[in-house]
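Here is a short briefing on a protein model. It covers charged pairs and the nonpolar core.

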Amino acid sequence: MMRRRTRLWLGRSATLGVALLAGATAHAETRRPALPAPAANADAAADYDERRAAAGRLLVVSRFRARQAVLIKDAIRAAESELTENCLDRAATGRDMKPCQAFVSPSAGTRARLAASESAILDDLMAASQTIYARRFTAAELDEIARFFRTTVGQRYALTSPQLLNEIQSRKREIVRRYLSAATAADTKGSQR
């Protein structure tokens with residue numbers, strides 16, 4: 001469970017880190033005054049609506065939906081892995097396995113329904129992301145980030161980020177496996193004596 005949370009956190013952190021690094025690099029020469037944090041009354045309806053609208057503009061200009069569409073298969077595999085782990089937990093504790101049966105051996109119909117749901121998944125992800133961005137940034141900050149995505153470098157980043165993130169995730173798995181193997185090597189050597 002902790003491994004899964006760490007993997008999700010690291011994936012999100014890498015996405016945000018790369019985006020922020022790219023934005024900071026592109027704007028390093030033109031320093032602007034610091035923007036204020038969201039107001040204490042950030043839940044005020046007008047302010048919140050303005051921030052959600054700015055978040056929506058950012059998601060459009062950054063090609064968020066298109067970038068997520070490329071990554072959706074990985075998200076589905078991660079969700080399947082999590083559900084498999086939950087089923088293994090159910091089996092280990094002797095609980096009812098009926099909820100797991102359709103998942104463990106999904107039918108062609110299940111696979112087709114899931115594939116047909118990708119657009120709805122992306123719609124839900126867009127709405128959730130708009131809310132998340134609106135909670136974390138002011139409208140001015142979101143507009144500033146959107147300006148970055150309107151630059152040549154920002155557009156290039158938006159187009160290449162899915163491939164970058166896939167490569168980073170792949171490397172991360174390789175690196176973590178290497179460290180995990182090294183960490184467990186002492187236990188393996190000790191048990192062979």
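Which residue forms a salt bridge with Asp123? Arg65 does, with the closest N and O atoms 2.6 Å apart. This is a predicted model: local features need pLDDT of at least 70, side-chain atom pairs count only at pLDDT 80 or more, and totals for chains, interfaces and linings use all residues. Residues are numbered from 1 along each chain as its sequence is written, and side-chain values use heavy atoms, leaving out hydrogens and water.

**Salt bridges**
- A salt bridge is a side-chain nitrogen of Lys or Arg within 4 Å of a carboxyl oxygen of Asp or Glu. By this rule there are 7 salt bridges.
- Asp123 lies in helix H6 (residues 118-136) and Arg65 in helix H3 (residues 64-92), so their pair ties together parts 58 residues apart in sequence. Helices are DSSP runs (H or I, at least four residues), numbered from the N terminus.
- Arg111 pairs with Glu80 in a salt bridge, the closest N and O atoms being 2.7 Å apart. Arg111 sits in helix H5 (residues 108-116) and Glu80 in helix H3, 31 residues apart.

**Burial**
- Buried means under 20% relative accessible area, exposed over 50%, and partly exposed in between (1.4 Å probe, protein chains only).
- Asp123 is partly exposed at 41%, and Arg65 is partly exposed at 29%.
- Glu144 is buried at 17%. Its salt-bridge partner is Arg147, which is partly exposed at 40%.

**Nonpolar core**
- The largest nonpolar core has 10 residues, including Leu58, Phe148 and Tyr157. Such a core joins buried Ala, Val, Leu, Ile, Met, Phe, Trp, Tyr and Cys residues through side-chain atoms within 4.5 Å.
- Helix H7 gives this core its largest share, 5 residues.

How values were computed. Helices (H or I, at least four residues) and strands (E, at least two) are DSSP runs, numbered from the N terminus.
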